[in-house]
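Subject: Structure handover

Hi,

Here is the structure I promised to pass on. My notes on it follow below.

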Amino acid sequence: MFRTHPVIETSREAVATAVQRVAGMLQRSDQLDKVEQYRRREARKKASVEARLKAAIQSQLDGVRTGLTQLHSALLDVKDIQGSLIDVSKDWRQSINTIESLKDVKDAVVQHSQLASAVENLKNIFSVPEIVAETQQLIEQAELLQAHRKLMELECSRDDLMYEQYRMDSKNTSDMNLISIYFENVQGLSDELAKQLWMVLQRSMVTVRRDPTMLVSVVRIIEREEKIDRRMVDRKKQTGFIPPGRPKRWKDKMFEVLEGTVSTRIEGTQAVTRETDKMWLVRLLEITRKYVLDDLIVVKNLMVQCFPPHYNTFNRFFCLYHNAVSTRVKELASEDLEANEIVSLLTWVLNTYKSVEMMGHPELCSECDINQLEPLLPQDVVEDLLSKYVKTFTSNITGWLRKALETDKKDWQKETEPEADQDGFYQTTLPAIVFQMFEQNLQVAAQIDGDFKEQVLKLCLKQMNTFLIRYREEVVTYKEEHLRDRQLPQCYVQYMIAIINNCQTFNESINSLKRKYSQSSEPTESDATIERTLNEVAKEGCQFLLDEVFLDLEHHLSELLTRKWLTGSHAVDTICVTVEDYFNDFNKIKKPFNQEMTSEALRRVVVEYIKAVMQKRITFKTADERREGAERMIKEADQFKFLFRKLAAGEDTDWLCGAITAIAEVFKLTDPTLLFLEVTTLVSKYPDIRSEHIQALLAVRGDASREMRQMIIGTLTENKVSYSSVAQPIFKDITVPTITMTTMTSMATAKLLK
């Protein structure tokens with residue numbers, strides 16, 4: 001298959017493109033009128049394209065013509081160079097023999113150079129002893145720049161002579177030794193001058209304040225020596241020769257001296273020890289803070305001007321002080337620190353160091369970024385210190401709590417009443433002492449770290465939980481010791497009230513600590529345990545007080561529902577007076593325990609009264625006795641109701657006292673046929689009453705036949721009502737004594753004896 005010629009193919013593409021464009025222009029009939037206009041426009045475009053093509057082709061032709069001309073010139077130059085190289089090669093071959101004959105001349109030139117160097121240094125060579133003496137005197141007078149200038153002259157003379165000797169005969173050690181011996185004092189001068197330089201640098205903080213020019217002179221001398229070192233090292237690379245004592249590396253030595261000076265400055269801050277001052281570490285850290293801050297401000301404002309900019313002086317000193325402080329702090333951390341010393345150290349390291357009081361000071365912040373500093377102490381060291389603190393703190397706080405409780409127990413035995421707060425509620429100092437300890441330690445922990453503060457708070461709450469268990473045990477022991485001799489201690493009731501109030505104070509203080517120091521508001525298991533223990537201690541304390549009341553009422557309660565009571569007893573009057581007297585003290589109990597205690601006291605009085613009924617101490621023989629006994633019970637129920645309303649016993653007062661009234665109504669009923677209805681009414685009001693209670697009531701009434709009792713009990717048993725919905729059942733815990741054979745025998749014997 002034949003391939004189409006490129007020109008023909010291009011022409012075809014052009015024609016096709018033109019046809020396509022013309023078709024696009026003449027799509028509508030009204031465009032035929034513009035054919036001439038289109039033709040002229042396309043002609044102009046064609047002429048423009050042709051002009052650009054001609055210009056481009058002409059430019060290409062001019063470039064080709066210029067290139068050919070340059071190639072021709074280059075060819076001619078290459079031919080000329082080739083001819084010159086041929087001539088040079090011929091001349092070199094002819095002069096080989098001549099060069100070998102000039103060896104003697106070369107040796108003479110070398111010797112002449114050495115002699116010229118000797119002549120040049122002849123004056124210095126003869127005056128070496130004199131210059132050495134002058135240099136020594138200048139060093140002693142602290143004229144360091146002039147001394148260094150003399151020293152450089154001596155070293156230059158020595159080095160030039162040695163170099164020429166090395167060039168002439170590097171293996172001739174005797175001449176080298178001769179020169180060395182002659183200039184042996186030069187090295188001593190160099191060492192002496194170096195000592196003076198290091199001394200100035202060691203006192204740089206003082207020198208820069210009093211005589212900054214001295215420090216500038218030292219830096220200039222060191223810079224000169226650095227340049228000489230570099231020159232000598234470069235010459236060694238070329239010739240293999242280097243003068244003795246080079247390179248001196250005084251610049252490196254300068255930085256070592258400055259680093260040692262900073263380290264000495266930090267290490268020298270400890271003025272006292274633990275044996276002489278308990279606050280030794282606080283003083284040490286404060287002195288270190290002041291020294292570091294003052295020195296760095298001096299470096300920024302004064303010393304930076306004495307060193308070349310490329311030394312980056314401030315950042316260098318900043319790092320030196322940071323490293324020195326870090327080293328010192330690590331040494332302190334490795335010592336056997338006490339708990340308060342650990343806190344002081346960690347607070348200083350984690351907070352004070354980067355604060356505006358030290359490295360974050362406004363005058364220093366513009367020169368460096370404190371966030372780029374490495375930690376003063378590694379994290380593992382910090383954690384070890386915190387762990388050690390927690391262990392020590394746990395041991396200490398256990399001892400503090402034990403001691404506080406022992407002190408409080410001694411107060412319980414006092415013959416004077418406990419102190420009262422601003423609202424008149426009894427209290428002891430125990431809660432204040434305990435939470436003052438917690439507060440102090442939490443404040444300290446907060447200075448270290450937020451997470452550590454949470455850890456210490458949890459530890460305090462854990463110790464509090466253990467302490468409350470011990471507290472509860474001691475309260476029980478206190479009650480038991482009192483029961484052995486109720487005359488002692490004299491203020492038992494008042495201190496038991498204070499103990500109950502302490503529980504409320506403990507609870508409030510714990511919540512206050514959590515709000516202040518805990519980031520989480522969610523209650524924890526430990527919180528629930530502490531609250532439960534406090535409530536149990538408080539409720540047990542209330543129970544102990546009520547036990548105390550009813551121990552005093554025991555004799556009077558035993559008179560209730562007896563023949564003596566029926567004929568005229570003041571037992572209830574005495575009970576009411578005694579309860580009111582006790583509750584004058586119980587008013588010093590904080591809410592809600594005072595209200596709970598009043599309600600419980602009422603309940604126990606009513607229960608004890610009903611127990612007296614159920615014990616069947618009396619059996620009414622006549623209707624008059626039943627009426628008289630019922631009226632007395634109703635009167636006494638009103639007395640209880642009046643008393644406990646006065647004491648604000650709560651909404652259950654009427655309901656509880658109503659139980660006595662309801663029982664009295666059963667006794668008061670004159671028509672036995674209506675007894676079932678009255679008992680049914682009683683059961684509907686107090687559904688927790690049991691059949692044995694009904695039997696006891698009917699037995700006390702004394703006129704119910706056996707058949708009636710069986711009918712009433714049987715009917716009530718069949719229609720028994722659930723009492724699960726009763727908030728405070730009265731009859732549930734009241735037992736009815738059963739008459740055994742032994743009891744019956746004893747009663748019969750008693751009657752016979754009577």
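Leu-26 sits in the loop that links α1 (6–25) to α2 (35–100). Note that the model is predicted. At a relative accessible area of 32%, Leu-26 is partly exposed; that class runs between the 20% limit for buried and the 50% limit for exposed. Beyond its neighbours within four places in sequence, Leu-26 is in contact with Gln-31, Leu-32, Val-35 and Tyr-38. Ala-528 is 502 residues from Leu-26 along the chain. The C-alpha atoms of these two residues are separated by 96 Å.

Now the chain as a whole. Its secondary structure comes to 29 helices and 0 strands. The radius of gyration is 57 Å, while the globule rule gives 27 Å for 754 residues, so the chain is more spread out than a compact globule. Along the principal axes, the C-alpha atoms fill a box of roughly 175 × 115 × 45 Å. Of the 754 residues, 40% count as buried. Take the contacts between residues at least 6 apart in sequence: 76% of them join residues at least 24 apart.

Next, two helix pairs.

The pair α19 and α20:
- Helix α19 covers residues 492–517 and helix α20 covers residues 525–557. They pack at an angle of about 165 degrees, and their axes are 9 Å apart.
- That angle makes α19 roughly antiparallel to α20, because the cut-off for roughly antiparallel is over 145 degrees.
- The crossing of α19 and α20 is left-handed.
- On the α19 side, the contact residues include Tyr-492, Met-496, Ile-500, Cys-503, Phe-506 and Lys-514. On the α20 side, they include Asp-527, Ile-530, Leu-534, Gly-541, Phe-544 and Glu-548.
- The residues of this contact divide into 16 nonpolar, 2 polar and 4 charged.

The pair α27 and α28:
- Helix α27 (residues 691–701) packs against helix α28 (residues 706–718) at an angle of about 155 degrees. The axes are 10 Å apart.
- α27 and α28 are therefore roughly antiparallel to each other.
- α27 passes α28 in a right-handed crossing.
- From α27, Ser-691, Ile-694, Gln-695 and Leu-698 meet Arg-709, Ile-712, Ile-713 and Leu-716 of α28.
- The residues of the contact of α27 with α28 divide into 5 nonpolar, 2 polar and 1 charged.

Last, the backbone. Most residues other than glycine have a negative phi, and most peptide bonds are trans. Here are some exceptions.

Pro-247 is in the loop between α10 (212–239) and α11 (250–267). Another cis peptide bond joins Leu-488 and Pro-489, with omega about -15 degrees. Pro-489 has its place in the loop between α18 (450–484) and α19.

Two residues to look at for phi. Ala-142 is not a glycine, yet its phi is positive, about 65 degrees. Ala-142 lies in the loop between α5 (128–140) and α6 (144–168). Its relative accessible area is 34%, which means Ala-142 is partly exposed. Asn-312 also has a positive phi, near 50 degrees. Asn-312 is in the loop between α12 (280–301) and α13 (313–333). With 43% relative accessibility, Asn-312 counts as partly exposed.

Best wishes

Definitions and conventions: Residues are numbered from 1 along each chain as its sequence is written. This is a predicted model: local features need pLDDT of at least 70, side-chain atom pairs count only at pLDDT 80 or more; totals for chains, interfaces and linings use all residues. Side-chain values use heavy atoms; hydrogens and water are left out. Axes are lines fitted to C-alpha atoms, for helices over the stretch in contact, and angles run from 0 to 180 degrees between N-to-C directions. Helices (H or I, at least four residues) and strands (E, at least two) are DSSP runs, numbered from the N terminus. Angles under 35 degrees count as roughly parallel, over 145 as roughly antiparallel, 65 to 115 as roughly perpendicular and the rest as oblique. A crossing is left-handed if the near helix is turned anticlockwise from the far one by less than a right angle, and right-handed if clockwise. Contact means heavy atoms within 4.5 Å. Ala, Val, Leu, Ile, Met, Phe, Trp, Tyr, Cys and Pro count as nonpolar, Asp, Glu, Lys and Arg as charged, and the others, Gly among them, as polar. The radius of gyration is taken over C-alpha atoms; the globule rule is 2.2 Å times the number of residues to the power 0.38. Buried means under 20% relative accessible area, exposed over 50%, partly exposed in between (1.4 Å probe, protein chains only).
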